[in-house]
Amino acid sequence: MTRDLRTARYGAILTFVLSGLMVGTLTVRIPALTDKLGLSEASVGTILLVWGLGALVTMQSMRRVMALVGSGTVLRYGGPATAAGLVAVAFAPDLPWLLAAAAFFGMAFGTVDVAMNAQGSTVEQAYGRPLMNGMHAGWCVGAISAGLLGSVSIAVGLSFTANLALVGLVSAPLMLLIGRTYLPEAKGGQSEKAGRRRMPAIVYLLGAIMFFAFMVEGVVADWNGLYMRDSLGAPEALAALGYPVFEVGMLVARLTGDRLRERFGVRGMLTVSGVATGGFFTVVLLAPAPLVAVSAMFFVGLGVATISPMTLSLAGTATDNPGPAIAQAGAMGYAGLLLGPVAIGFLSNATSLRTALGVAVVLGALIALASRLLPGRETAAVRRMPAREPEPAELAA
């Protein structure tokens, strides 16, 4: 194991941390954004739709881009652009400007989301053992930090604008520095053809499972704060803690997820995760007090945490170059992250926010059912992946 390979692993983890920090900072301050511009729940849903469509547009184009230039190059441009997008959202003076800034932020983040998972898969395969849950634990660290910073900002009276701008301005130079640590994938030739041809069937199944999981994550990230505040009557500072508590549960699961995967396999873990996600979200919806709901969010995070890392990891092994397969599965999954919060926004207008959030319970059941369709030996094949030393080209900055 070389120092450069370890550095690449830490660089990939830090990329997840900063991405979670930037996206989490926006999500935990959505109640403050509604107050700043006087937005309705439907307007929030429209903003989230624009943000998600921007991300989905770039993610849909990533199969060929990733095959041609690799994840490292995409991250070196996409990371700082995402930070700039967050600053633009912070200073948007009205709804039209906010929609434009949210679209840019979404487009930039869409490139980062695919590329950082492809980079994580490249590092994972260079190590020769499962690492993707640990990579995604970095996202949780960033999101938890965003929630805590958001709560502190609310307590000391820091505005929505100042909170987002500060995080964006700190993240931009850090993303530039981390860009020197990435490992390149093979590109050109066969990789370009991989970006064009149809993926193996398992990639689409994994994408469907990730679609359901990301819908749950999106619902929690974008609507949990408003549900806690408006439906359960929680103070804004307590309502803002629901998301970081959820992320703490995800962090705990992801820190142990790679070891559990080696022992129990992907199919069994995903089935249990789906059941736990639906069951504990039911507790959130039936909670008699805000503190009970906030506590239950820890177990929802525990349940859903390992689904997207394991599906992305398996997708990365489906073809020679992990980038195109992860781009395909990731785009399918991200459609769930897009549609979930938007659907909740419109359903809550038609019924109530509590009723609309019941969608997450159904999604947990769908995850459990779809996971039973995965090949029983898929995980074993990944576990037997031989460790290798990286090629000299993979150690280039």
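Guide: A residue counts as buried when its relative accessible area is under 20%, as exposed when it is over 50%, and as partly exposed in between, with a 1.4 Å probe and protein chains only. This is a predicted model, in which local features need pLDDT of at least 70 and side-chain atom pairs count only at pLDDT 80 or more, while totals for chains, interfaces and linings use all residues. Residues are numbered from 1 along each chain as its sequence is written, and side-chain values use heavy atoms, with hydrogens and water left out.

Visitor: Is Trp51 buried or exposed?

Guide: Trp51 is buried, at a relative accessible area of 10%.

Visitor: How many aromatic pairs are there?

Guide: The structure holds six. Rings of Phe, Tyr and Trp (its six-membered ring) pair if their centres lie within 6.5 Å; planes under 30 degrees apart are stacked, over 60 edge-to-face and the rest tilted. Trp51 and Phe105 form a tilted pair, 5.9 Å centre to centre with 40° between the planes.

Visitor: What does that pair tie together?

Guide: Trp51 lies in helix 3 (residues 41–60) and Phe105 in helix 5 (residues 95–127), so the pair links parts that are 54 residues apart in sequence. Helices here are DSSP runs (H or I, at least four residues), numbered from the N terminus. Phe105 is buried, with a relative accessible area of 0%.

Visitor: Changing topic: at what angle do helix 6 and helix 11 cross?

Guide: Helix 6 (residues 132–156) and helix 11 (residues 242–264) cross at roughly 160°, and their axes come within 8 Å. Axes are lines fitted to C-alpha atoms, for helices over the stretch in contact, with angles from 0 to 180 degrees between N-to-C directions. That makes helix 6 roughly antiparallel to helix 11; angles under 35 degrees count as roughly parallel, over 145 as roughly antiparallel, 65 to 115 as roughly perpendicular and the rest as oblique.

Visitor: What kinds of residues make up the contact of helix 6 with helix 11?

Guide: They divide into 13 nonpolar, five polar and three charged. Ala, Val, Leu, Ile, Met, Phe, Trp, Tyr, Cys and Pro count as nonpolar, Asp, Glu, Lys and Arg as charged, and the others, Gly among them, as polar. Trp139 of helix 6 and Tyr243 of helix 11 are among the residues in this contact, where contact means heavy atoms within 4.5 Å.

Visitor: What does Thr27 touch?

Guide: Leaving aside neighbours within four places in sequence, Thr27 is in contact with Ala221, Asp222 and Tyr243. Thr27 lies in helix 1 and is buried, at 9% relative accessibility.

Visitor: How does helix 1 pack with helix 7?

Guide: Helix 1 (residues 3–28) and helix 7 (residues 160–178) pack at about 165° with their axes 10 Å apart, and the two are therefore roughly antiparallel. Their contact comprises 11 nonpolar, five polar and no charged residues.

Visitor: Last one: where is Val74?

Guide: Val74 lies in helix 4 (residues 62–91) and is buried, with a relative accessible area of 9%. Not counting residues up to four places away in sequence, Val74 touches Met62, Val65, Met66, Val69, Thr111 and Ala115. Val74 and Met62 are 12 residues apart in sequence and 9.3 Å apart in space, C-alpha to C-alpha.
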